[in-house]
Each structure stands twice: as structure tokens, then as C-alpha cells.
Amino acid sequence: MALNADVVIVGGGHNGLVAATYLAKAGKSVLILEANEEIGGATASVRAFAEFDARLSRYSYLVALLPDQIVSDLGLNFETVPRKVSSYTPDLNGGGLYISRQWDQATQDSFASIPDGIADAQAWQTFYGEVADFAERIAPTMLQPLKSRTELKDLINLPDVWEYLIETPIAEVINQRFKSDLVKGVVLTDALIGTHASAQEIQANICFLYHLIGNGTGEWKVPNGGMGALVAELERVARAAGVQIRTNAKVVNIESDSESVTATLENGEKIVASQLLSNAAPQVLAKLRNKPVPTSLPGSQFKINILLKELPRLKSGIPPELAFAGTFHISEKYSQLEASYLESKAGHLPSCFPSEMYCHTLSDPSILSLELQAAGYQTLTLFGLHTPAELFDGDNEATKAAALNGFIAELDKYLVNPLSEIVARNSDGSPCIEAKTPLDLDQAISLPRGNIFHSDLTFPFNEVGDEARWGVETDDPRIFICGAGARRGGGVSGIPGHNAAMAVLGK
């Protein structure tokens with residue numbers, strides 16, 4: 001059977017587009033098959049509220065893991081905006097902890113205002129200084145063939161940091177270094193976003209690592225124009241390189257032999273290529289190949305997108321332009337996060353509804369029309385923690401409504417006036433608030449059980465007995481994973497896309 005392309009890519013998410021462009025630039029003919037009407041997957045921007053000209057990044061929001069090398073290699077005209085504020089965490093006693101992106105006097109004074117804060121300020125700078133050294137050394141390896149655990153440990157050459165980041169539960173270093181329950185919680189949140197785990201579990205360490213190593217700095221930035229701007233640029237360079245992209249092309253079966261791989265579409269059409277890359281989750285790929293489906297943790301993120309007429313005012317008195325410019329932590333003390341994990345693991349919604357949020361439009365108002373900008377409108381994006389998929393299995397809509405009310409009520413505890421007084425409303429009076437459960441993410445963009453990382457994150461090295469070169473290989477030499485479920489996948493990174501392309505090219 002004649003080949004339709006050298007390489008066919010199942011799924012038109014950002015990683016698939018990255019892989020396609022690298023391959024096309026290397027002289028390969030590449031065809032992307034996307035099941036939906038639009039490409040982009042979880043990185044697409046949408047007009048979530050039809051009556052308002054605001055294009056929100058519905059499922060993913062910030063960028064840290066996308067290497068500058070990929071932006072340069074592909075010639076992407078894409079910019080990210082640094083955030084002056086790292087985070088703000090209010091306390092119900094009326095105070096709060098403000099942390100600038102770069103340590104300054106305001107941050108020092110804020111630490112000093114909380115119990116045990118002076119000691120924790122010094123511990124914070126020491127701890128994150130060590131993590132920054134580790135990040136700078138490990139980041140370049142993400143675009144290189146996998147090293148073994150021993151090889152990577154020797155290369156990084158920070159044995160004490162390696163021990164607490166890789167070998168022992170993150171809870172140990174947090175409790176050893178810090179005293180304040182609030183400060184401990186701020187540290188722990190980076191180990192939990194997208195992961196249903198306790199601080200006592202190594203899975204939390206892996207999540208923490210990925211949140212802190214991007215580009216060797218770990219800085220999370222706002223994509224100028226929203227995630228849709230990244231997708232548009234990736235599509236532009238892909239098409240310019242000769243990549244063919246077909247939408248409404250759902251693959252329902254994948255088979256291979258010694259000479260080629262065949263992807264069968266929903267309409268019965270067969271697409272034949274020498275090699276196939278899957279931008280879909282490993283679980284989805286397994287089903288398409290009629291193979292056993294691998295297990296992984298369920299998704300645990302409850303996502304809320306909100307359009308406001310103005311920013312909320314806080315009981316603590318901090319200007320909202322500062323509080324919401326970085327990551328705004330809601331009821332995320334260490335004790336609250338651990339208690340919420342245990343409650344959710346036992347089958348209940350968390351009682352304190354821990355979450356975090358930020359305001360994209362304070363850094364990048366371009367996702368709003370000029371009219372909305374002039375009127376002072378803002379967006380808020382909330383991530384609810386410890387809401388695993390199984391909590392929604394019985395009645396997704398009813399549990400969604402309960403969770404939404406719980407998260408908004410928890411936020412309201414810190415506000416002068418309730419959010420309902422400033423939320424934008426449609427002509428029928430309904431609020432411009434959109435909520436997505438893990439089951440919704442599975443249904444809309446095929447994230448298995450809502451897992452935003454596709455499958456469990458893994459450490460970026462080979463264990464003993466694992467001979468994978470790039471971490472994208474499967475049991476079939478003609479089939480590779482180029483999505484977030486690859487080794488060193490997860491997050492908006494393009495890393496597995498790059499690595500899958502290198503594997504195909506025999507690098």
C-alpha cells in the first residue's frame with residue numbers, strides 16, 4: 001500500500017505541532033490528523049462566554065516548561081510576559097503573605113508580619129536558591145537522550161538537593177526547613193497541581209520538580225495573547241514547513257507491520273505512513289491499538305474560568321492588582337492541603353476547598369476586546385485541588401454544582417464583597433462562570449479521567465533495566481508517543497514533541 005506520508009501524527013495539540021515541524025524541516029512528509037474541528041487541544045483559546053469578546057485559554061494558562069531552544073529552533077514569534085508577583089496567600093485573620101518574583105523589601109516585610117515568618121524568610125531563600133541551582137543543571141537534559149538515574153545524579157552534582165527532591169518524600173524537607181503552616185502550604189502547592197497525592201508520596205516530588213525546572217529558572221509566565229497565540233504560531237510554522245493538517249479526522253484504529261503503520265479514520269479511510277506519532281494519551285493510544293490500557297492516577301483538577309467587571313477587594317487590604325497578578329492561594333495551608341487530600345481520598349469533596357487562581361488580564365489584557373479593556377473587565381482562572389475524578393462519577397453535574405459553590409464560597413471568605421456582585425453577567429442574568437470537572441476534561445479533549453498530564457508524571461531519567469533512548473518509545477518500533485504522556489512530558493512544554501521527532505530521525 002502506498003504511503004500517504006512518511007510520518008502521521010494523531011492529534012493536533014501543541015506537542016504534535018512541534019514534532020511535525022521538526023520532522024518537516026528535516027525533509028519528512030508529515031500529516032496531522034486532528035479529531036476536532038480546531039487544532040490545539042488543551043492549549044486552544046476559546047470565547048467561553050458568547051456575549052463577551054474575551055478569548056480565554058480554557059484548559060491551560062501559564063508557560064514555564066516550553067524551552068527557549070524550541071522557540072528558537074522553530075522560529076516562533078511567540079512571547080511570554082513575566083509576572084512581577086509570584087504569589088499572594090491571604091489568611092482568615094486578615095493578614096497574608098506577599099511574595100515578589102524577585103526577593104525585595106515588600107516580600108521581606110510580608111514574611112515578618114506572619115508568625116515564624118522571619119525564620120521562614122531565610123529558609124525560603126536558602127531552599128529556593130538550592131532548587132534554582134538544581135533547575136539550571138537539569139533543564140538542558142530535557143532535550144537530550146535520557147540519562148540513567150546515576151548519570152543524571154552525577155551530572156547535576158548536588159547530592160543533598162537530589163536527596164530531598166528525588167529520594168525522600170517532599171514532606172520531609174518542607175517540615176524540616178519551615179515552621180509556618182501557611183509557608184509550608186505555599187511550598188507544597190507546586191507539588192500538587194494536577195496530581196492527587198499527599199506530601200508524603202514521591203509522586204508529589206515529581207510534580208514539584210516539573211513545576212520548578214522550566215528553562216532552568218522555573219519562572220511561570222503569561223502567554224501574550226493567551227495559549228491560542230502559541231497554537232497559531234505553531235500552526236503557522238508547521239504549514240510553512242510543509243506539514244499537512246486535517247481536522248475532523250478522528251482515528252479509530254491503529255495497526256502496524258514490518259513496513260508501515262495504518263491509521264483508520266471514523267469514516268473508514270485508511271492513512272498509511274512509515275511511522276506514527278501519538279499526541280494522544282498513552283491510554284487512548286492503547287485502545288486504538290487494541291492493547292491493554294495502562295493505569296494512572298485520576299485527574300484531580302477542578303477548573304473555573306470567570307469574567308469580572310472589576311477585580312475583587314480583599315479584607316487584608318492589599319491592592320487586588322498585586323494580589324491577583326501572581327498566584328493567589330485560597331485556603332492552602334499545609335494542614336489544609338493534607339486534610340483535603342485525605343477527605344477526597346475517602347470519597348468526599350474537601351471541606352475547605354483549597355484552590356489557587358490568577359488574573360491573566362493584569363499581565364496581558366490583549367485577550368479582551370478594547371471595549372472590555374476600557375470598561376475595566378478582568379478574567380480570573382481558578383484551579384481547585386484534590387477533586388479526583390471518582391468524586392464526580394455518581395452525578396457529574398450535581399457534584400460539579402456543589403464543588404463550584406464550595407470553591408466560590410471559600411474565595412468569598414477573603415473578599416470584602418462576594419464575587420457575585422462583580423461577576424459579568426449574560427443578558428439572561430446568568431453569571432460568566434464556567435466550571436470543568438475531570439470528567440468534563442476527559443469528554444472534551446480526551447484527557448484520561450481528566451489527568452492534565454495524560455498519565456503519571458515520571459522522573460526525567462531511566463531506571464535500571466529501562467533502555468528507552470528518548471522516553472517516547474513504545475513496544476512497536478514504528479510507533480512513538482509525542483504527547484504529555486511521554487517520559488519528560490506534562491505541562492505546556494513541547495519537550496515530548498521535540499524528543500519524538502529526534503527519535504524518528506534517529507538522533
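Contact here means heavy atoms within 4.5 Å. Helices (H or I, at least four residues) and strands (E, at least two) are DSSP runs, numbered from the N terminus. This is a predicted model, in which local features need pLDDT of at least 70 and side-chain atom pairs count only at pLDDT 80 or more, while totals for chains, interfaces and linings use all residues. Residues are numbered from 1 along each chain as its sequence is written, and side-chain values use heavy atoms, with hydrogens and water left out.

Let us begin with helix H6 (residues 159-167) and helix H9 (residues 202-212), whose axes come within 8 Å and cross at roughly 120 degrees. (Axes are lines fitted to C-alpha atoms, for helices over the stretch in contact, and angles run from 0 to 180 degrees between N-to-C directions.) On the H6 side we find Tyr164, Leu165, Ile166 and Glu167, which meet Ile202, Asn205, Phe208 and Leu209 of H9. Six of the residues in this contact are nonpolar, one is polar and one is charged. In this grouping, Ala, Val, Leu, Ile, Met, Phe, Trp, Tyr, Cys and Pro count as nonpolar, Asp, Glu, Lys and Arg as charged, and the others, Gly among them, as polar.

## A strand covered on both faces

Next comes strand S14 (residues 327-330). Thr327 and His329 on one side are buried, and so are Phe328 and Ile330 on the other. Buried means under 20% relative accessible area, exposed over 50%, and partly exposed in between (1.4 Å probe, protein chains only). In a regular strand the side chains alternate between the two faces of the sheet.

Which strands pair with S14? Strand S15 (residues 355-358) runs antiparallel to S14 and is joined to it by three bridges; here histidine 329 stands opposite glutamate 356. Two strands pair if DSSP finds at least two bridges between them.

## Two positive phi values

Aspartate 116 is not a glycine, yet has a positive phi of about 65 degrees. It lies in the loop between helix H3 (105-112) and helix H4 (117-138), and is partly exposed, with a relative accessible area of 42%.

Arginine 488 also has a positive phi, near 70 degrees. Its place is the loop between strand S18 (479-481) and helix H18 (495-504). Is arginine 488 buried or exposed? Arginine 488 is buried, with a relative accessible area of 1%.
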